[in-house]
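Hello,

Here is the structure we talked about. Please have a look, then read my notes below.

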Amino acid sequence: MDFAYSVAGFSVGAIVGLTGVGGGSLMTPLLVLLFGIHPSVAVGTDLLYAAITKAGGTLAHSRRGTVDWTVTRRLATGSIPAAALTLVLVGKFAPGGIDGATGLIKVALGIALLLTAVALVFRKQIQGYAAKRFGGQPNPVRTARLTVLTGAVLGVLVSISSVGAGALGVTALFLLYPGMSALRIVGSDIAHAVPLTLVGGIGHWMLGSVDWLLLGSLIIGSLPGIWIGSHISTKVPDRVLRPMLATMLVLVGAKMIGH
């Protein structure tokens, strides 16, 4: 076990507990830029890390009744096949397989980080626009289809970058379901992230891009980090924390694209 990885896991876990933002937005670029982990290994390992850590969150939300399983199922209907197909195509047709897709993964990760930053900063505005634009005239069939499509987009993005299942997923649900409570949207998004990241992680494992020792070190640190972050989250003003986090994501995302 590498103590530095456990410290990284603790730090990211604490931020996830504080902000609710998916660990992929922070963990994958941290592993690539700070520790020099190969992008494909960083993504594959982080996907399994997310699946394990978010399973606990899903259990907590499920017990409180804050998971809309219909919405979760719609997202998974699109995301899981899209993630599996993306990994198959990358493994078969990318020069050098998943290891040869380094450039694609870096660019996808950078774009996902920039989109996540936008979603963090303008989440309330996006939610307000959705309420005004679609709140009065819901179309159940259209909403269901768009939810499946949203899942497919998240599946592609998450499978090659490990980013998107958190802030991007929540923002998309705010647009599609403006009448749903924020807590229920967050719970549904976390529940959807578990099977998506698990399928993506298993796919990367089959392609040989998962470091199990690294995964264990991250989890050892992240579990207490998430617990502590969750307990002190009420003491940190959201209006201060989210813009700071978004700024960091923009800087890291730009570096990933230009690296």
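A salt bridge here is a side-chain nitrogen of Lys or Arg within 4 Å of a carboxyl oxygen of Asp or Glu. Keep in mind that this is a predicted model.

By that cut-off, the structure holds 1 salt bridge. Arg184 and Asp68 form it through their side chains, at 3.9 Å from N to O. Arg184 sits in helix α9, while Asp68 sits in the loop between α3 (39–64) and α4 (69–93), so the pair ties together parts that are 116 residues apart in sequence. How covered are the two partners? Arg184 is partly exposed, at 28% relative accessible area. Asp68 has 17% relative accessibility and counts as buried, because buried means under 20%.

The patch is made of Leu198, Ile202, Trp205, Met206 and Trp212. Together they have about 570 Å² of accessible area. Trp205 is one of the residues found in helix α9.

Next, helix α4, where Thr86 lies. Is Thr86 buried or exposed? Thr86 is buried, with a relative accessible area of 11%. A polar atom of its side chain lies 2.7 Å from the backbone oxygen of Ala82. Leaving aside residues up to four places away in sequence, Thr86 touches Val156, Ser159 and Ile160.

Best wishes

Terms used: Residues are numbered from 1 along each chain as its sequence is written. This is a predicted model: local features need pLDDT of at least 70, side-chain atom pairs count only at pLDDT 80 or more; totals for chains, interfaces and linings use all residues. Side-chain values use heavy atoms; hydrogens and water are left out. Patches are made of residues with over 30% relative accessible area and no salt bridge: like charges are joined within 9 Å, nonpolar side chains (Val, Leu, Ile, Met, Phe, Trp, Tyr) within 5 Å. Accessible areas come from the Shrake-Rupley method with a 1.4 Å probe; for residues, only the protein chains shown count as cover. Helices (H or I, at least four residues) and strands (E, at least two) are DSSP runs, numbered from the N terminus. Buried means under 20% relative accessible area, exposed over 50%, partly exposed in between (1.4 Å probe, protein chains only). A polar contact is a pair of N or O atoms within 3.5 Å; within protein, one must be able to donate a hydrogen and the other to accept it, and residues adjacent in sequence count only if both atoms are side-chain atoms. Contact means heavy atoms within 4.5 Å.
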